[in-house]
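Please look over the sequence and the model before reading on.

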Amino acid sequence: MASSSDTPSSAMAVSTVAASYPRKILDYMEGFLISKTLFTACELGVFDLLLGSERPLSAEEISQAIGASLDGTQRLLDACTGLELLTAQQQQQQEGHGRVYANTADASRYLTQSSPVSLYHSIQYNSRTIYLCWYHLTDAVREGRNQYEKAFGVNSEDLFEALYRSDEEMIKFMHLMNSIWNICGRDVVTAFDLSPFRSVYDLGGCSGAFAKHFTSAYPECTVTIFDLPKVVQVSRQHFVTDGNQRIGFHEGDFFKDPLPEGDLYILARILHDWTDQRCIQLLTKVHQACKPGGGVLLVEALLLEDGSGPLTAQLYSLNMLVQTEGRERTAGQYRALLAAAGFSQVQVRYTGKVYDAVLGYRQG
C-alpha cells in the first residue's frame, strides 16, 4: 500500500512548493557570501597551510596556525567543505574527536600561492579592490561612470593613475594579470598561427605573462613589452628575468608616445578599458606604426552580437563601468573599431574560455 506521501495530491503539492520556491533568486541574492568565504580562506592562508601539511588538519590546528578563533575557523572550514573546496573526514576514535580537513584537487591547484596556475592574486584583487568598487554599482549605473573616487578617495580623471594609485596597488594589479594569463594565455596566443609575425609589441604588457606564452608558442619571435616606466621597472624586478632573451621592454604611454615599428601589436584586455573614441585613437596609432602586411591582435571577452551573453562577459562589462571608461564589446563592434583605424581582413577566434581573439591586418 502506498504511503500518504506517494499519493498524487502529495506529489502535486511538492511540485507546487518547488515551483514557488525562488531557488535561483536566493542563490543570486546570497552569491556574495560564497565569494567572501573564498576570499577569506585565501587571505588567511587556509589552502596554503593544508598544502604544506603532510596530513589533514583539525579545526583547532588550523585556527592556531592562521591566528584565528577556533569557532570562526570551524565555521569557515565547514563552509569551504560545503563549497567543495575542502574535504572533511571524521577522525578515528584513537586519534581524537571531530573532523579533519584537506584541500580538494582544485583548491591545491588554483588557490595556493605556489601553484604555477594559481588564482590567489586574482582572488586578492577581487577581494580588496573590485569588491569595494562594486559596493557602488548602483551609483555607477545611475551616473554612467567609474567609482574610484567613492571607493578609494582618488580622482579617476587619469584612469591608470587611479588604478596604480600606490606601488602596492600596482603590484596587486600586475599579479592579477599574471594569474589571468597563466590560466588563459596559451589558448589565446595559439588561436591563430602568429608565427609569421617576428617583431611583436605587447602594448600594456604589464607583468609579461602574455609575452612569455607568446615566445613559448613561437620560439622564432621576439616580444617587446610596451608599458609605463614604473610598470616596466616592477616587471623587470619581479616578473621577467634577464635570462629571457626574447622578451624586451620599451617605456612609454601608448596614447602619448610614439609606437615603434613592428610586425604585430598585441592589445590584451586593453580596449575594454576605453571609450570607442579612445580605442580608435589608439588603433590608428598602431596602424600607422605597423609594417605593411602586419597586424594587431585583440584579446577580449567577447559578447554575443545581440548582447544576450555570455554571462561572464556581461558581468565583466558591468565591471568596466564600475572600474574604467570602457565596456566589453561584440566581435562586430571590434571589427568596426578596427575598420575605422584602417585595418582589414579581420578574423575572430572563440577559445571556449573567458577570452577570445580578434586579428586584423594592415594591407601592404
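The notes below are grouped by topic.

The model is predicted, so local features need pLDDT of at least 70 and side-chain atom pairs count only at pLDDT 80 or more, while totals for chains, interfaces and linings use all residues. Residues are numbered from 1 along each chain as its sequence is written, and side-chain values use heavy atoms, without hydrogens and water.

**Helix 5**
- Ala59, Ile62, Ser63 and Ile66 are the buried residues of helix 5 (residues 59-66); buried means under 20% relative accessible area, exposed over 50%, partly exposed in between (1.4 Å probe, protein chains only).
- Helices (H or I, at least four residues) and strands (E, at least two) are DSSP runs, numbered from the N terminus.
- Gln64 and Ala65 are exposed on the face of helix 5 turned away from its buried side.

**Aromatic pairs**
- The structure has twelve aromatic pairs; rings of Phe, Tyr and Trp (its six-membered ring) pair if their centres lie within 6.5 Å, with planes under 30 degrees apart stacked, over 60 edge-to-face and the rest tilted.
- The Tyr125 and Phe173 rings are edge-to-face, because their planes are at 70°, with centres 5.8 Å apart.
- Tyr125 lies in helix 8 (residues 120-134) and Phe173 in helix 12 (residues 167-189), so the pair ties together parts 48 residues apart in sequence.
- Tyr125 is buried at 1% relative accessible area, and Phe173 is buried at 12%.
- Trp181, Phe210, Tyr316 and Tyr355 make up one aromatic cluster.
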